[in-house]
Amino acid sequence: MDLKIAGKVALVLGASKGLGAASAAALADEGALVHAVSRSGAVSDARLTGLAADLSTAAGVEAVLELVARLGRVDILVGNTGGPPRSTAQGVDSGQWRAAFEGLAVSLFRIADAVLPGMIERGWGRIITIGSSGIVQPIPHLAQSNAVRGAVAGWSKTLAGEVGRHGVTVNMVLPGRIDTDRVRGGDEAAAARDGLAVAEVQARSRAQIPVGRYGRAEEFGAMVAYLAGEQAGYMTGTMIRVDGGYVRGL
Ligand SMILES: NC(=O)c1ccc[n+]([C@@H]2O[C@H](COP(=O)([O-])OP(=O)(O)OC[C@H]3O[C@@H](n4cnc5c(N)ncnc54)[C@H](OP(=O)(O)O)[C@@H]3O)[C@@H](O)[C@H]2O)c1
């Protein structure tokens, strides 16, 4: 299927590896001109242009806003960054809560605000945010992620209602357990916490996933690319799970 986004300008945040990199690669496969932001500025694919910017800092967000101004147009924005630290819901101090909200939510809101006027003027745009299955089924020991991503979901849905009639769609894609460094780190932390081997933690985890395995990053990137495509123009305000059936609710 030709997604009809060749030549569109895409800005993918948190894109040196993992889900962001896979999304960037899937967009590049469709001929989009992709700018990939991360702290390192590294790109996993020669077709991408990298920008080093730390989205958890004001200076990093400003660097992305300067890139948006330099580019003159962004047609597709993929919101993503590293997850906040693992923690329980109790005992997180106010500085940590603020840092999680600034890094994961406010940075995205500001960058989206910079790209939206141009999308609205041109009558076409895609805002796709990488979330987590924890939005619909909160994950123990990831309280900051569960809480802040819930706020991002509320923003995404509200924004979809504001810009739909201008040809701009706003959606979220929720990973369950996709095999990336972040998930490997989580398994290692769980193994240390529960006194198990990492392989045991992974087997325990796979047993909870109806498909029986972790997902591949390219399976996730394919959904991001689809939502960016012309054919997904009537899909907005949605959250799509790419989780191998992990979430038990409807
Ligand atoms: N993988 C899953 O199954 C899964 C499930 C639920 C939720 N998630 C969430 O989805 C997001 C992506 O996950 P992932 O598995 O792809 O993680 P990952 O493999 O750790 O990749 C994270 C990406 O974000 C970049 N990044 C991290 N902190 C950044 C910052 N402050 N500023 C700019 N870029 C930053 C990293 O590059 P640099 O290190 O170069 O900055 C990297 O490119 C995370 O928020 C994660 O919590 C993932």
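Domain bounds here come from an automatic or database domain assignment. On that basis, domain 1 (9-178 + 217-241) and domain 2 (179-214) each supply at least three residues to the shell around the ligand. The model is a predicted one, so to speak of local features takes a pLDDT of at least 70 and of side-chain atom pairs 80 or more, while totals for chains, interfaces and linings use all residues. Residues are numbered from 1 along each chain as its sequence is written, and side-chain values use heavy atoms, with hydrogens and water left out.

Around the ligand sit 29 residues (a heavy atom within 4 Å), the closest being S16, L19, T81, I178 and T180. Sorted by class, eight are nonpolar (Ala, Val, Leu, Ile, Met, Phe, Trp, Tyr, Cys and Pro), seven charged (Asp, Glu, Lys and Arg) and 14 polar (the others, Gly among them).

One lies 2.4 Å from a side-chain N or O atom of T180, and another pairing, at 2.7 Å, involves a polar backbone atom of T81. The protein buries 91% of the 880 Å² that the ligand exposes when taken alone (Shrake-Rupley method, 1.4 Å probe). Among helices (DSSP runs of H or I, at least four residues), α5 gives the most to the shell, with three residues.

Elsewhere, N171 is in strand β6 (residues 168-175; a DSSP run of E, at least two). A polar side-chain atom of N171 is 2.9 Å from the backbone oxygen of M235.

Methods: A polar contact is a pair of N or O atoms within 3.5 Å; within protein, one must be able to donate a hydrogen and the other to accept it, and residues adjacent in sequence count only if both atoms are side-chain atoms.
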